Amino acid sequence: MVIMAVQKLCLGTVQFGFDYGISNRDGKVSSDEVKRILRCAFDNRIGWLDTACNYGDSEKIVGGHIQDDMDFKISSKSMSFPTIPPDFDEFVGQYERYIENSFSDLGCDNLEVYDFRDLGKVLNAYGDHVVEWITSLKKQGKIKKIGASIYSEEEINEILSFMNVDVIQAPVSVLDQRLVERGALKKLKDRNIEVHVRSIFLQGLIFMNPQNLPTFFEPIATQLQNTHSLLEAHNLSPLEASLNFVLSCPDIDKVIVGVTNERELLEIINITKAPLREDVDWQNFKLNDAYYLNPVNWN
């Protein structure tokens with residue numbers, strides 16, 4: 001059971017590429033620390049890395065620091081498409097450049113998963129042409145599993161109306177339980193689609209003292225204070241609560257965790273070695289304001 005919990009973890013690498021996270025005080029991870037984090041992850045049976053072409057120079061750093069004995073599976077993501085290119089060939093050309101650049105930076109010729117951003121919008125624009133092109137990437141062996149990086153249940157439904165992907169990557173946390181509550185993750189599992197979850201710390205919001213939040217978060221300060229009171233009552237740290245919630249969800253296959261140093265990663269690994277808390281009603285910890293659950297809206 002311990003090994004299974006650790007093997008659910010996937011190391012996120014956005015902090016390798018730039019200063020990321022509302023509670024991050026360390027900034028971008030140094031080159032030496034990246035080496036230590038990768039070694040620690042691999043030696044502790046964390047076999048997956050998650051990156052993206054727009055995580056600064058994260059892909060290049062990952063590619064340059066993976067040692068020969070480290071057999072990581074890597075998932076990467078495309079850029080977003082705020083505006084869909086009007087020409088299908090132009091769209092394909094842009095996406096293929098993203099993929100080839102990822103191969104070059106990571107030093108590989110295929111990826112375990114490639115998560116397409118804005119896939120629902122693209123499918124609405126080009127329909128079966130996109131399905132055929134994506135399928136061809138798998139047939140060529142460039143991508144083993146086709147994924148979609150989404151933000152909402154509406155995006156999931158939009159994508160599945162056109163095609164079954166292999167993986168859905170979605171934001172889920174003890175603060176943001178919407179996809180769990182609505183049965184969206186179970187629906188994916190019923191269709192044999194892997195579920196990878198990100199933003200399990202909501203960019204570090206759960207770690208922050210509610211009394212020291214930026215003024216932007218004042219409308220939810222009381223909710224966050226209640227959450228921290230519950231943590232104290234259950235003798236849980238924010239990190240323990242965050243990990244226990246997602247690891248206890250049966251429909252989640254991979255949990256993406258980002259760290260800024262080896263110590264943080266070891267702390268996460270040690271928590272996965274402890275039995276999951278079964279005496280906590282996690283629904284009491286959720287935030288109810290959808291606007292503040294999406295970091296895109298944060299100032």
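Lys142 and Glu100 form a salt bridge, with the closest N and O atoms 3.2 Å apart. Lys142 sits in the loop between α7 (128-139) and β5 (143-149), and Glu100 sits in helix α5 (residues 88-106), so the pair ties together parts that are 42 residues apart in sequence. Lys142 is partly exposed, at 22% relative accessible area. Glu100 is also partly exposed, at 37%.

This is a predicted model, in which local features need pLDDT of at least 70, side-chain atom pairs count only at pLDDT 80 or more, and totals for chains, interfaces and linings use all residues. Residues are numbered from 1 along each chain as its sequence is written, and side-chain values use heavy atoms, with hydrogens and water left out.

**Terms.** A salt bridge here is a side-chain nitrogen of Lys or Arg within 4 Å of a carboxyl oxygen of Asp or Glu. Buried means under 20% relative accessible area, exposed over 50%, and partly exposed in between (1.4 Å probe, protein chains only). Helices (H or I, at least four residues) and strands (E, at least two) are DSSP runs, numbered from the N terminus. Two strands pair if DSSP finds at least two bridges between them.

**Salt bridges.** Side chains of opposite charge can pair when their charged atoms come close. The salt-bridge count comes to 17.

| Pair | Closest N and O atoms |
|---|---|
| Lys142 and Glu100 | 3.2 Å |
| Asp43 and Arg39 | 3.2 Å |
| Asp118 and Lys121 | 3.9 Å |

Asp43 and Arg39 are both in helix α3 (residues 31-43). They lie four residues apart, so about one helical turn separates them. Arg39 is partly exposed, with a relative accessible area of 27%.

Asp118 forms its salt bridge with Lys121. Asp118 is buried, at 16% relative accessibility. Lys121 is partly exposed, at 35%. Elsewhere, salt bridges with shared partners link Glu112, Lys144, Lys145 and Glu194 into one network.

**Strand β1.** This strand spans residues 9-12 and is covered on both faces. Leu9 and Leu11 are buried on one side. Cys10 and Gly12 are buried on the other.

β1 pairs with two strands. Strand β8 (residues 254-258) runs parallel to β1 and is joined to it by four bridges. Within β8, Val255 is the bridge partner of Leu9. Strand β2 (residues 48-50) also runs parallel to β1, with two bridges between them. There, Asp50 of β2 stands opposite Gly12.
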